[in-house]
Amino acid sequence: MEIPYTISTRPDTGLWNAKIGIWLFLASEVMLFGALFSAYIFLRIDAAPGTWPHGLLNVPVGTGNTAILIVSSVTVVLAWAALKMRRYRVYWWYMLATISCGVIFLTVKLAYEWPQKFEHFGAYIKPDALGKYEKYLGNERRAEKGMEPRIEITGHLHSQNAKEYEVALDPVNADPDNPVMDRPHFLPLPVTDKIATIEKEDVERATMFLPTHSAYFASYFTITGLHGLHVLGGVLVFIYMWLPVSKRLYQRNPEHLANRVEVSGLFWHFVDLIWIFVFPLFYLL
Amino acid sequence: MDASTSVETHQDPHAHAAEHEHHELGFWRKYIFSTDHKVIGIQYGITGLLFLLLGFSLMMLMRWQLAYPGQALPVIGKWLPHIFGAGTMPDGKMTPDFYNSLGAMHGTIMIFLGVVPLAFAAFGNFVVPLQIGAPDMTFPKVNMASYWALFVGGSIMLTSFFVPGGAAKSGWTSYVPLAAFSDAGPGHNPVFNGQTLWLIGFIFLITSSLLGAVNFITTIIQLRAKGLTWMRLPFFVWSQFVTAFLLLLAFPPLEAAIIMQLMDRVAHTSFFLPAGLVVNGAPVSISGGGSPLLWQHLFWFLGHPEVYVLILPAFGIVAEILANNSRKPLWGYKSLVFSVLVIGFLSFIVWAHHMWMTGMGTAVSAFFQTTTLLISIPSVIILSAFFISLWGGSIRFTVPMLFATAFLPMFGIGGLTGIPLAFNSADLYLHDTYYVIAHFHYIVAPGTIFGLFAGVYYWFPKATGRKMNDFWGKVHFWPTLICMNVIFLPMFLQGMAGMHRRWYDGGQGWNVSNEHTIWGLTGFQWNAPISWAAWIMGLAQIPFIINFFWSIKHGEKVNDNPWEATTLEWTAPSPPPHGNFVHTPVAYRGPYEYSLPGRERDYTMQNEPVEPAERTRRKPPAELVPA
Ligand code: HEM
Ligand SMILES: [Cu+2]
């Protein structure tokens, strides 16, 4: 028994099966990420003053990753076009490029960006102790300018004992009254060597930059994590289509392989598209 | 009409054998890891029926506690602790936690493991490809994966009964913050605890539904037989088509919510948790900044379309059976199709009617009240069209028809009692009472479940080549119908008297349930007759179970079209071989050509070519037009 229209198109719909299938699947993915982004917006609008951090992510690295994904979107189309022209070697190389882009993206995310966050420390100061740390927070000036107060001191945790944290301060807290610090920076500023001592009894909550840190990082890790899983899925599928198994399919029925690449390419474009939303939402805004 | 005329289904008996000449699959590939839509449909069906039975059994236990709170459950009360753990029913008396687990799991199992697999996946899988004249689903392997995802999800849900602390206990809606903190802390595993397993199991169930939905929609778009245009599709196919879209688009937001709740429980994030929560007297150390309302929005964004996922397939089944047994075309086919499409669309914009208590502003609530009332219009159109379809028919009261006709008033009661809930002023009082329980159970129990029973009796001959026994079918039907009403009708009254849906003691400790009498019994006292009706209804299912299994081997043998129906599935052999049809069917006409004037039989199948004489006779012959 043969299922009709797996490769050829059905005349009245003009489509083959998997193409409809993937578009439907992508519709459901839009709803999945749509819900997550809505949650992000909901939480952000609701966030109490000072609890939604800004400028903590590394923008140049994020930009680089964005570029890599865009390039991979192009190479996957070229791979598909090569198959359509029945040029397998060319296909093979473009596919390899696509796979490499995916792998680089994931490596940057998992081996560099995430761990960097895990090493960063933040201490939320109790409301009644904020004045005591004014020299790190600069709230008087911010109040005058009508800006949200700062309630957290961040940096690298040098050491701690039963009573205190010693923190090498981020530039924001090292020089809080400098207007330059009012906005996030494109190039991330390194942690300073200025050390602050924070008493534990003044601290409401102190954590590394983990999902537990704030609603911001909770959504950041959840959404980029889920997006990363999608990238991983795409890469695995591409690897399968690049291995010799698929060459045999190509020899039997090149159009079938081309269709498969088209379908997974659509998925890959979608994964890129999600990143195009993730990048501004988390890195820039 | 004699039987010999009905065997015109373009098949000769030897064709079966010819179909089977390709290599035979081994037992495992043929019955367990099969990619054949019929086998998968039957797997889904049996799984769904078993889970319905299980979910119902959980409820029968709860009914004891409601009717006789604090008393030891006789006989089985002694051995239940050996199954569910010593802490659940010490001395046969149910603990509050165990009661809550039973309630949460009853809802979850009935909806996501009982009705959805049976109504959507089982009937959809078995019937839809046959009705559209397709050899199989478009993606047979995805189809198999979808069943096994359900299997894994169901197994995880079942396992959760046996982990320390027992199964999830925060209701089928798993409202936060309650759900975020239940089954946590000392004595609970961080992952293998009731609520966390509920969430993980759910991810598998959602995956299963998504795969199924993609497959169904693609199949209906791509594999319709030649000549089977959209307006010639049986209504059942339409209802499955819309249902698939609901699943496809409504489930992912719940999946997102489940991922977030999982993060809240396992990674201690605060998606749904505001700052300053105190649990068991101690402040919890979380970042806060989350919103419990966010969960409710995401949950009901699925939740409301989900209730239509439960009812639309039943509409479809009932439509087929009504037309077939009244020997008349379905009345208002086009309005039915448009109504079901409108329902599908509107069901995405009514969800907040489950949240009137959250204090939304007047503008928002006006919007949702309006949409909720709008959605009842297509529902009423469908129900009316069904009733009118019966008018003037020569009705055959077969067992499927009994269930299908009983469906109509039962669904009517359920739907009409939803209207007061659509107004927030009325609902503020009725919310979370037994009135709501009665409202939706009238729709899903004597409604959907009757539709499902009807479908089982109706398509059983297609799957097995044999009919289920009529007499025992009636013995199943009548007590079930009566018990359903004894169970759910008083619940409206209990609810209006103020009885809360989650009281563990059946209301014994609350004045409202003891002061008001309804027909001579207090709200609390009504629990006992309701419970007895539930247990009797449990017994009434025994004839069905026996009939089902007995008929597989010993039922009356019937031909390929025992109900003298018109749609394409009845042109295939019973049971259909791998690949389904002996000759690829071509459709020449609409799905319900019953009692065409001037024909010798009162049904004309979709694959019967239009005769030249018919063309000139688009209108009924003069002698049939009333003067
Ligand atoms: C026909 C028009 C309908 C209207 C106007 C309506 C309205 C409502 C409203 C406003 C509620 C919320 C009540 C509350 O929680 O206080 C509700 C609950 C519910 N309805 Fe309906 N409904 C209708 C049809 C249906 C159908 C067709 C189904 C299912 C097949 C259904 C299933 C449910 C369920 C399951 C709940 C309760 C959910 C829960 O709180 O656990 N309803 N209905
Ligand atoms: Cu609803």
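A: The account concerns chain B, and W519(B) lies in the loop between β4 (517–518) and β5 (521–522) of that chain. Here helices (H or I, at least four residues) and strands (E, at least two) are DSSP runs, numbered from the N terminus. The model is a predicted one, in which local features need pLDDT of at least 70 and side-chain atom pairs count only at pLDDT 80 or more, while totals for chains, interfaces and linings use all residues. Residues are numbered from 1 along each chain as its sequence is written, chains are lettered from A and ligands numbered from 1 in the order in which they are written, and side-chain values use heavy atoms, with hydrogens and water left out.

Although W519(B) is not a glycine, its phi is positive, at about 50°. With 67% relative accessibility, W519(B) counts as exposed; the term means over 50% relative accessible area, buried means under 20%, and partly exposed is in between (1.4 Å probe, protein chains only). E564(B) likewise is not a glycine and has a positive phi, of about 55°. This residue belongs to the loop between β6 and α20 of chain B, but E564(B) is buried, its relative accessible area being 10%.

The loop between β6 (556–557) and α20 (612–616) also holds P575(B). A cis peptide bond links S574(B) to P575(B), with omega at about -15°. A further cis peptide bond joins V176(B) and P177(B), and there omega is about 0°. P177(B) is part of the loop between α6 and α7 of chain B.

The loop between α6 (140–159) and α7 (178–181) includes S160(B) as well. S160(B) counts as buried, at 1% relative accessibility. A polar atom of its side chain lies 2.6 Å from the backbone oxygen of M157(B). Apart from its neighbours within four places in sequence, S160(B) is in contact (heavy atoms within 4.5 Å) with M105(B), G166(B), A167(B), G194(B) and L197(B).

The account now turns to the ligands. The iron atom of ligand 1 has H439(B) as its only protein donor, through NE2 at 2.1 Å. Donors are N, O and S atoms within 2.8 Å of the metal (3.2 Å for Na, K and Ca), and water is not among the atoms, so sites may look incomplete. H439(B) has its place in helix α16 of chain B. The side chain of H439(B) also has an N or O atom 2.8 Å from a nitrogen atom of ligand 1. For oxygen atoms of ligand 1, a side-chain N or O atom of D427(B) is found at 2.6 Å, and one of W172(B) at 2.9 Å. Such polar contacts are pairs of N or O atoms within 3.5 Å; within protein, one must be able to donate a hydrogen and the other to accept it, and residues adjacent in sequence count only if both atoms are side-chain atoms.

Around ligand 1 there are 22 residues, of which the closest are V307(B), D427(B), H431(B), H439(B) and R501(B); a residue is near a molecule or strand if one of its heavy atoms lies within 4 Å of it. At least two residues of this shell come from each of α10, α12, α14 (418–422) and α16 (434–464) of chain B. The largest share, 5 residues, is supplied by α16(B). By type, the shell comprises 12 nonpolar, 8 polar and 2 charged residues. Nonpolar covers Ala, Val, Leu, Ile, Met, Phe, Trp, Tyr, Cys and Pro, charged covers Asp, Glu, Lys and Arg, and polar covers the others, Gly among them.

The copper ion (ligand 2) is 4.6 Å from the iron atom of ligand 1. H304(B) (ND1), H353(B) (NE2) and H354(B) (NE2) coordinate the copper ion at 1.8 to 2.0 Å, and the spacing of these donor residues in sequence is H-x48-H-H. H304(B) lies in helix α10 (residues 292–326) of chain B and H354(B) in the loop between α11 (333–346) and α12 (362–390) of chain B, so this pair ties together parts that are 50 residues apart in sequence. H304(B) is buried, with a relative accessible area of 6%, whereas H354(B), at 22%, is partly exposed.

A last point concerns cysteines. A search of the whole structure finds 0 disulfides over all chains, a disulfide being a pair of cysteine sulfur atoms within 2.5 Å. In chain B, C483(B) is buried, with a relative accessible area of 7%.
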